[in-house]
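Please examine the structure shown below with attention to how its parts meet.

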Amino acid sequence: MARVFIISNRVATPQAGLHAGGLEVVLKATLKNYPCVWLGWSGEIKAHPKTRTMHQKGNSYIVSDLTEEDFDEYYNGFANRVLWPILHYRLDLAEFSRRDLSGFLRVNEHFADELAKVLKPDDVVWVHDYHLIPLAKALRERNLHNRIGFFLHIPMPPPEIITAMPNHEHVIPSLCHYDLVGFQTDNDAANFARYLANELGMPSHISRRLGTGDRVMRIGTFPVGVETRGFARLARRAIKAELVRKVMNSVPGALMIGVDRLDYSKGITLRLEAYERFLAANPAWHGKITYLQITPKSRSQIKEYAEMADTVNAMAGRINGTYSDASWSPMRYVNRPYSRTALSGLYRGARVALVTPLRDGMNLVAKEYVAAQDAADPGVLILSRFAGAAAEFKEGALLVNPYDPDAVAAAIARAMAMPQAERKSRHAALYAALLRNDVSEWGNKFLSALMGTKEFHLKGEDVASRKSFEMTSRPH
Ligand code: ADQ
């Protein structure tokens, strides 16, 4: 059986028990079904970086330290100050520097060197996310002709936005060195196809010889999901857990929940503004709703993130200062992470979830909330139309424009007053959508497509009005 190499910025090593974001959860089935080697950054910064290998349950983990310079340029610099904002449509927040770009390419070269030491010809390589876009190119330059796939967890904006990134031509076209490039939604896939057509004049249906043979790059849509039934089971048990019971008992009336990393893409400040407008317009709900916003800090070294933490704190204080009385506060703002079990129970106890990112590749919180509900008396999902999840949740969620606080405030009022029959029928539609894209099949779908063992559907065909998304690789 071919080994699957998973490459991502962070690695959930067994020793560290680290949660590499949601990646560990979405890759669980892959790690169980295939002999895997997971390679990436150790999370440590060292003057003399080392690479270590660990083994557990038939899988191996290879992690490399970074130097201070690598961390500044590759991670904090190009990945988080350029690619993250631009791929989230925030040109205004991007801070480009050529030094960061060269650090970004250097660290990708380093991972390629580490991979080249251990890769065998029939190993399959699956690269995750924006930090590692140029990795396939670096591997091809080392004469490695393995099957290499890439999945972008975050959005791919239209070419009009990507082309505003200085030196985009040294970064984005390197995706053409992969055999398969996967996106969360058809819209992302179509945006990428349009970039290739506009910038590289890449036609479909033309085969060009490349190096040792023909290689055709394919684009596919593979929406990430959650472990629907497992998460539902967890929530059923967790609602009885002490922490969840304490929270539920301390809330007068209904609970509304928001769970996000502290990131500008999540739209938290506009969301608080919407809640403020809801409170102003709906005095009848005072004392009967509590909004719990759970927001662990992230990337605090970056200026925008630190500023946003202050703004959100001040807004939460203002809302409570304006509307609280001795027996009720309209909101609780919590800055720490919770276990999956606790989160699942809180989702189940919440009458409303407010998930209003300004842009999001998918948004797993929306999916976890739906999975956690009691089908007999479910809560209501208010979801941004700009989250990838909106493509699957058109039927069932209250879709909102997160830039319009009045519309979000109206959606909160509608959700709070929604009769049970409507909540049940909306939830049934959402749950059915979840089951169609359960994460236990996600890795299999991607890898089957990459290995070419199964027919797979190139969904983007009509969105970009092309005959096919099969494209010829063209090295850059
Ligand atoms: P993220 O931007 O991290 O992921 P998201 O999809 O919402 O965003 O996943 C966050 C995960 O972290 C969820 O599983 C959530 O439960 C967990 N989490 C959030 N707050 C937490 C807290 N306070 N305590 C504990 N856990 C918490 C990126 C992309 C997304 C895409 C995913 C997966 O930005 O768009 O959906 O990858 O592809």
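**The domain interface**

Domain 1 and domain 2 bury about 1700 Å² between them, 58% of it on carbon and sulfur atoms; buried area here is the accessible area (1.4 Å probe) that two parts lose on being put together, summed over both. Of the area that domain 1 buries against domain 2, 25% comes from Trp84, His88 and Leu93, more than from any other three residues. The model is a predicted one, in which local features need pLDDT of at least 70 and side-chain atom pairs count only at pLDDT 80 or more, while totals for chains, interfaces and linings use all residues. Residues are numbered from 1 along each chain as its sequence is written, and side-chain values use heavy atoms, with hydrogens and water left out.

The two domains comprise residues 4-225 + 439-470 for domain 1 and 228-436 for domain 2, with bounds that come from an automatic or database domain assignment. Their C-alpha centres lie 31 Å apart. Contact, meaning heavy atoms within 4.5 Å, joins 23 residues of domain 1 to 21 residues of domain 2.

What polar links cross this interface? Three residue pairs are in polar contact between domain 1 and domain 2, both residues at pLDDT 80 or more. A polar contact is a pair of N or O atoms within 3.5 Å; within protein, one must be able to donate a hydrogen and the other to accept it, and residues adjacent in sequence count only if both atoms are side-chain atoms.

**The ligand**

The ligand is surrounded by 23 residues, of which the closest are His153, Tyr338, Asp360, Leu364 and Glu368; a residue is counted if one of its heavy atoms lies within 4 Å. A polar backbone atom of Tyr338 is 2.8 Å from a nitrogen atom of the ligand.

**Salt bridges**

The whole structure holds 30 salt bridges. In one of them, Arg3 pairs with Asp123, and the closest N and O atoms are 2.7 Å apart.

Terms used. A salt bridge is a side-chain nitrogen of Lys or Arg within 4 Å of a carboxyl oxygen of Asp or Glu.
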